[in-house]
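Here is a short report for someone meeting this structure for the first time.

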Amino acid sequence: MWSGLVEALTKAAAAEDHTPCGGGGVLAEVEERGFAVVDDAWPAAQVAQLRNEIEALHAADCMEPNQVQFATGSGPIRLTKPGIFEADMHHDQRRQACPGFDQLFHTVAELQSCLATRFDVALEPDARPPAAPCTAATEVPATSTNATHSSTTQERGTANKVTKHTESAEGEQSKDPDNKNARDPTAATDDDARSSGEQQEQLQKNQQFSTFTLKLQYNDGTGGCFPYHYDNPAPPNKRLLTVLVYLNANWQQGDGGELMLAPFLGKPQVIPPLENRTVIFRSDRILHRVLKASKPRACFTLWLDGANTNTDDVVFLREKHLTPAFVPELVRSPLQRTLSRAVYEEEYERSLRECFGANPRDTKYAVALHRAHLKQTLANDKLRQFVQHLKTARQW
Ligand SMILES: [Fe+2]
C-alpha cells in the first residue's frame with residue numbers, strides 16, 4: 001500500500017544510485033537538509049479514498065480533539081488546540097472503520113525497509129498483541145475526557161556540566177508505561193486525546209509494542225494551527241522520521257494550513273498542503289509549525305522510530321559545544337533542540353498565542369511554561385552568550 005511512495009523514492013534515487021532507496025534524490029535531501037517534498041507519489045484513487053475516510057470519520061464524530069495534559073502544582077491542566085481533530089490508527093476500532101488506512105497500517109514495513117537503506121530506522125517486528133474483536137458498527141463517538149498524557153520539556157542547560165535535554169517533569173502524570181510518546185505540552189503537535197477505559201488500555205498496549213505511529217488529522221478550517229515544535233523533542237521519544245501526506249483537493253492560496261519548516265538558523269520554508277504532497281523530515285532536528293487554516297484540511301502522518309534516536313551525544317549539551325566553530329554541526333544535530341526555544345523565543349511565544357489564543361486560560365499556561373523554559377536556559381551565563389551568538393547567525 002506504500003508502493004506509490006516507495007516507487008517515487010526509488011525512482012528519485014535511481015538516477016544516481018541503483019540501490020533501491022539508497023541513492024541521491026529525495027532521501028539524500030532529507031539527510032542533507034533534514035527535509036524533502038515529494039509530489040504526486042500516491043495513486044489518485046488511493047488519495048481520494050484516504051481523504052474520504054478521514055472526512056467520514058470526522059463527520060461521524062469519531063476523531064478526537066488534539067489535546068494535551070500536564071501537571072501543575074494545583075493539579076492537571078489540559079490544553080486543547082481548537083479546530084484540530086485526530087485519530088490514532090493504533091486504535092483498533094478507529095482503524096477498522098478506515099480500510100484504506102488499515103491497509104497502510106499493516107504494511108508500514110514496506111516503507112520502513114526502504115528508508116532503512118539510508119536511515120537508522122527501527123525494524124523490529126511488530127509484536128503487538130492480537131487486536132480486540134471488531135465492534136466498529138457500534139462505534140461510540142470519541143470523547144477526550146480521560147486524556148491522561150502529560151509531559152513537559154525541561155531545557156536544563158548549563159555550560160559547565162553535561163546537560164541533558166529531557167522531557168520529564170516533576171508531577172508528570174503519564175499512564176504510558178514507556179512514556180513512549182512523551183512530548184512538550186506547549187509545543188505539542190500530535191498529542192493524544194485518548195478515549196477511555198478498555199479502548200485506551202488497548203491503544204496504549206498497541207503503541208507500546210510498535211515502532212511507528214500513524215495518525216489521521218482533520219483541521220476544520222476555523223483557524224486551527226500548531227505552535228513551533230519538534231516531533232521528537234527529547235527522550236524517551238524515539239521518532240526519527242516524519243512522513244506527512246496531504247489530501248486537500250482544491251487547496252488555494254489563502255486557505256492557510258501551510259506547513260512551515262524552520263531548519264535551525266536557516267531560511268524557513270512555507271509548504272502549501274497540496275493534495276498528494278508528501279513531506280519527509282527528520283523528527284529530531286526540524287523545527288516546524290502549522291499556520292492557521294481557514295478552510296478544512298486533511299492529512300495523515302507516519303512517524304517512524306529510529307533504532308538509536310536520542311543517544312547521549314545528541315541529548316547532552318556540553319561546554320565544548322558552546323563555540324562558534326560548532327555551529328555548522330549544531331544546525332545538523334538534534335542538540336539544537338536544547339537551545340531552539342531561546343534562539344526563537346519570540347516566534348515560539350507568538351505561535352503559542354496564535355494556537356491557543358481562543359482560550360485565555362490555555363494561552364496563559366502555554367506561555368508561562370515557555371517562559372519558564374527560557375528562564376532556566378538563560379540563567380547560565382555561557383549558554384546565554386551562546387544563544388546571543390546564535391541569534392545573530394539566524395537567517396530570519
Ligand atoms: Fe509536527
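## The whole chain

What percentage of the 396 residues of the protein chain count as buried? The figure is 49%. The model is predicted.

The protein chain holds 13 helices and 14 strands. Take the contacts between residues at least 6 apart in sequence: 78% of them join residues at least 24 apart.

## Helix α12

Helix α12 covers residues 360-378. Its 19 residues should span 27 Å at 1.5 Å a residue, and the end C-alpha atoms lie 26 Å apart, so the two values agree.

Which residues of α12 are buried? They are D362, Y365, A366, L369, H370, H373 and T377. Seen down the axis of α12, these buried residues fall within an arc of 130°, so they line one face of the helix. An α-helix has 3.6 residues a turn, so residues three or four places apart point the same way. On the other side of α12, P360, R361, K364 and K375 are exposed.

## How α11 packs on α12

Two packed helices are described by the angle between their axes and the distance between the axes. Helix α11 spans residues 345-356. The axes of α11 and α12 come within 9 Å and cross at roughly 165°. An angle over 145 degrees counts as roughly antiparallel, so α11 is roughly antiparallel to α12. The crossing is right-handed.

Which residues meet here? From α11 come E345, Y348, E349, L352, R353 and F356. From α12 come D362, T363, A366, V367, H370 and L374. Among these α12 residues, D362, A366 and H370 are also buried.

Methods: Residues are numbered from 1 along each chain as its sequence is written. This is a predicted model: local features need pLDDT of at least 70, side-chain atom pairs count only at pLDDT 80 or more; totals for chains, interfaces and linings use all residues. Helices (H or I, at least four residues) and strands (E, at least two) are DSSP runs, numbered from the N terminus. The expected span of a helix is 1.5 Å times one less than its number of residues. A residue is buried if 20 or more other C-beta atoms lie within 10 Å of its own, exposed if 12 or fewer, and partly exposed in between; C-beta atoms are placed from the backbone. The arc is that of the directions from the helix axis to the C-beta atoms. Two residues are in contact if their C-beta atoms, placed from the backbone, lie within 7 Å. Axes are lines fitted to C-alpha atoms, for helices over the stretch in contact, and angles run from 0 to 180 degrees between N-to-C directions. Angles under 35 degrees count as roughly parallel, over 145 as roughly antiparallel, 65 to 115 as roughly perpendicular and the rest as oblique. A crossing is left-handed if the near helix is turned anticlockwise from the far one by less than a right angle, and right-handed if clockwise.
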